[in-house]
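I opened this entry to record what I looked up and under which cut-offs.

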There are 2 protein chains.
Amino acid sequence: MSQLHYDLAAIQNLPRRYRGTLLNYLSGFKTANLIGTKNSEGVSNLAIFNSVVHIGANPPYLGFILRPTTVERHTFNNIEATGFYTINAVTKAIYEKAHQTSAKYQADQSEFETVGLKSIHKDDFFAPYVAESPIQWGLQLEEVHPIKCNGTYLVIGKVLQLYLPKDSVEDDGHFDLSQHNIVSIGGLDTYYTSEKLAQLPYAKVNTTETSTP
Amino acid sequence: MSQLHYDLAAIQNLPRRYRGTLLNYLSGFKTANLIGTKNSEGVSNLAIFNSVVHIGANPPYLGFILRPTTVERHTFNNIEATGFYTINAVTKAIYEKAHQTSAKYQADQSEFETVGLKSIHKDDFFAPYVAESPIQWGLQLEEVHPIKCNGTYLVIGKVLQLYLPKDSVEDDGHFDLSQHNIVSIGGLDTYYTSEKLAQLPYAKVNTTETSTP
């Protein structure tokens, strides 16, 4: 296989936008989620994130990486001020509307209405969920880690509420993301549907493979 | 849509394995990457991670979440002791071998040989790459953030080396993950191939949508 090689200096010499696009793609498929918040004046905000990461199951925590852009700043200001936010899975039916939330709308404008997604409140939770999303998490801010090397942040929340479709979970806890048309993101702007290759068994050391008797 | 609702107490009352499986699925598709390391005795180590996240492009940084399990501990011990590691994309051709690296092999046993992936060294970089992987990153440890709420860690590395296939990148920096058979992970054990829905344009505020004149 014929390869291209970039060392650090070569990466830093790439044109700015090309470098950002390329590096965002190369780290692989990302989860597509909408983060919903509301400010203290009651204006709701919705923004797409491709960096949600599982932090733990017991207690349940999710994290995401915050880049201090205008769009993400509105989301984070609301999270910091109110303590609450929602994370909502993006499907094939709503990915174009979800992507449109990344435009730089003003802070007093709700992306829900502007892009045409329905905001709903449930069980007295402060932040709004995306009605069209099949997986909805309600979170409370837990930890913020400033990342020294480039001024971004790891934001961690505790899961207080979780909604998912009835009859969607198998006996072992398996949830088929492709059957529910959950999409993934390549880079910052390419959306993918997925097809299951296989669910593999829990990997065990095969004793015939080990070098110890 | 008929929904299931779990609040925090209900989530914490789920059976342990069921809860871990379910919550890992629901956060969406994850990137599949193999992390390659070598200890000071020269024994190489390889482990699959589903939590690699883009931290920044200039300078280039990647992060991942470390859970202090046996498997991930071997990886992290090597990173801490030597400072260097590689991140290698997982394709349809190698996902079964990649998954097998999650078995609890002993520290003196190289997962490369055991699962049947080829380790290669390039350009005097200390840590081994996966020869079969089309996207290979060489990184130096930069920051470790202990996550207080559950004892996991965010590990951030600076990209010193990057290898990718020749003629794989479009003029705008776009890299087609599906064309290169990069796989994604649902939960901890389900592998997916993906098909491109669309590359969407950079989202802009449509002035006819805004409420300001």
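The notes below go topic by topic.

**Conventions.** I worked on a predicted model, where local features need pLDDT of at least 70 and side-chain atom pairs count only at pLDDT 80 or more, while totals for chains, interfaces and linings use all residues. Residues are numbered from 1 along each chain as its sequence is written, chains are lettered from A and ligands numbered from 1 in the order in which they are written, and side-chain values use heavy atoms, with hydrogens and water left out.

**Interface.** I looked up contacts between the two chains first. I found 113 residues of chain B in contact with 113 residues of chain A, contact meaning heavy atoms within 4.5 Å. The area buried between chain B and chain A came out at about 10000 Å², with 60% of it from carbon and sulfur atoms. Buried area here is the accessible area (1.4 Å probe) that two parts lose on being put together, summed over both. I noted that B:Leu26, B:Phe29 and B:Leu197 supply 8% of the area that chain B buries against chain A, more than any other three residues.

I then sorted the side of chain B that touches chain A by class and got 51 nonpolar, 39 polar and 23 charged residues. In this scheme Ala, Val, Leu, Ile, Met, Phe, Trp, Tyr, Cys and Pro are nonpolar, Asp, Glu, Lys and Arg are charged, and the others, Gly among them, are polar. Between chain B and chain A I recorded 53 residue pairs in polar contact, both residues at pLDDT 80 or more. A polar contact is a pair of N or O atoms within 3.5 Å; within protein, one must be able to donate a hydrogen and the other to accept it, and residues adjacent in sequence count only if both atoms are side-chain atoms. Across this interface the rule finds zero salt bridges (side-chain nitrogen of Lys or Arg within 4 Å of a carboxyl oxygen of Asp or Glu).

**Sheet.** I traced an open sheet of six strands with antiparallel pairing, in the order S2(A)-S12(A)-S13(A)-S13(B)-S12(B)-S2(B). Strands are DSSP runs (E, at least two residues), numbered from the N terminus, and two of them pair if DSSP finds at least two bridges between them. S13 of chain A and S13 of chain B, each residues 190–199, pair over nine bridges; A:Lys196 has B:Tyr192 as its bridge partner there.

**Side-chain pairs.** A:Asp176 sits in the loop between S11 (153–165) and S12 (184–186) of chain A, and A:Lys196 in S13, 20 residues apart.

The aromatic search gave 16 pairs over all chains. Rings of Phe, Tyr and Trp (its six-membered ring) pair if their centres lie within 6.5 Å; planes under 30 degrees apart count as stacked, over 60 as edge-to-face and the rest as tilted. The A:Phe49 and A:Phe64 ring centres are 4.9 Å apart with planes at 65 degrees, so I logged this pair as edge-to-face.

**Backbone.** I found a cis peptide bond from A:Asn58 to A:Pro59, omega near -5 degrees. B:Asn58 and B:Pro59 are also joined by a cis bond, omega about -5 degrees. A:Asp123 has a positive phi, near 50 degrees, and lies in the loop between S8 (119–120) and S9 (129–130) of chain A.

Definitions and conventions. Helix = DSSP H or I, 4+ residues; strand = E, 2+ residues; numbered from the N terminus.
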